[in-house]
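Let's take a friendly walk through a protein model together. Have a look at the picture, and then we will go from its inner space to its strands.

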Amino acid sequence: MKHSFLRRIRHPLRAAAGLAVLGAATLAGTPARGADGIAQAAPLNGSSYVITLSPSYTPQGDPPVGTILQDKEGAFVQTIILTRVRTCTVQKRMRVNGTLVPGMEKTYRTNVAGIGVRFYTTRGWAGGWELGPVDTNYYVPPSSRTTWRAAAELVVTGPVEGGTLITLPSLYVTMSDCYNNFLPFDITIAPGARIVSGTCLVTTPSVAVTLPPVNTRDFAGVGSTRGDTNLRIGLDCKRSADVYVTLTDATNPGNRGNLLTPAAGSTAEGVQLRLLHDGVPVAYGPDSAAAGNPNQWRLGATGSVAEVPLTAQYVATGTVKPGVVKGIATFTLSYQ
């Protein structure tokens, strides 16, 4: 009787992951009478806006300088700009309050080493993105409206260290026209986003293990085990962060026990597969890198981690009958 154990391991690396929350501040209203040129729908004197980032970002490996962690299309604020009955020229002035990163165009430092910010606003009247600071003049059509946006972009400026974004540059934009209308916009970035620098490259993203054949008579009853076989998930980890692991039953993702659900092709009865870490059975959890994920367990700090050692074994769950038993699990790493 030959029992084979096949495991396919997927490594999503989701700590990072996910997109930033959109900071939408769309304003609507009726412009004041008796003036031509531009006006913000409401209020007429511009306003203050806050760009909200994702809760956390996890750079993968050692990202090169210029790598975008947060694209401007996912971290912006917006408002409505109106024009009056005459064509007019608008002067837009973008100013950034912050310290430039040497050697990088219009990129400003944050308090986290290796992370910078760039600011963009709408180019001209209903155009694409324009990197600031910059001064531009453009014509606006009469009796029109458009959505005006301002955005922030997170970019890698050097070796990335972990930390929380607290000190961030800000953007100040003014618009004026030939009728002396003046709109100021004060744009800041909400602090609090975390940069998680400790990441691991999986050197064995797919692991297949075959357990040795055993005889049904070798099992001494329900709960007895046979065929212990070691396996390892190889890792190459950088810098410092705590690594947590969640194993997920790919055949039954809702499984929260420690026995793998028999996968397609299994023919044996009364026996299932189990994985152990440091001799302790591993319970399965959701495919998520969120901190506190059910049945997530700490592997260790990245500087001390080179592998995930596991052991696979048969477990009798009833009267064992000959055949093949298979199980498939995936794993997700979380950096905290």
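On a 1 Å grid over the protein atoms alone, a cavity is a set of points where a 1.4 Å probe fits but cannot get out, and its lining residues have an atom within 4 Å of a point. Grid points are joined across faces, edges and corners, and a volume is the space filled by probe spheres set on the points. By this rule, the count is 1 cavity of 30 Å³ or more.

Before we go on, a word on the source: this is a predicted model, in which local features need pLDDT of at least 70 and side-chain atom pairs count only at pLDDT 80 or more, while totals for chains, interfaces and linings use all residues. Residues are numbered from 1 along each chain as its sequence is written, and side-chain values use heavy atoms, leaving out hydrogens and water.

**The cavity.** The largest cavity has a volume of about 70 Å³. It is lined by 13 residues, and the closest to its centre are Ile81, Gly124, Trp125, Tyr138 and Trp148. Strands S10 (135-140) and S11 (145-156) each supply at least two residues of this lining. The largest share, 3 residues, comes from S11.

**The overall make-up.** The protein has 0 helices and 23 strands; these are DSSP runs numbered from the N terminus, with at least four residues (H or I) for a helix and at least two (E) for a strand. Of the 336 residues, 50% are buried.

**A lysine inside.** Is Lys92 buried or exposed? Lys92 lies in strand S6 (residues 88-97), and it counts as buried because its relative accessibility is 0%, where buried means under 20% relative accessible area with a 1.4 Å probe, protein chains only. Its side chain makes two polar contacts, listed below. A polar contact is a pair of N or O atoms within 3.5 Å; within protein, one must be able to donate a hydrogen and the other to accept it, and residues adjacent in sequence count only if both atoms are side-chain atoms.

| Side chain | Partner side chain | Distance |
|---|---|---|
| Lys92 | Thr121 | 2.8 Å |
| Lys92 | Glu130 | 2.7 Å |

Three strands form an open, antiparallel sheet in the order S21-S18-S23, where two strands pair if DSSP finds at least two bridges between them. The edge strands, S21 (297-301) and S23 (329-335), each pair on one side only. Strand S18 (residues 242-249) pairs with S23 over 7 bridges, and Tyr244 stands opposite Ser334 in S23.

How values were computed. On a 1 Å grid over the protein atoms alone, a cavity is a set of points where a 1.4 Å probe fits but cannot get out, and a pocket is an open set with protein on both sides within 12 Å along at least five of seven lines; lining residues have an atom within 4 Å of a point.
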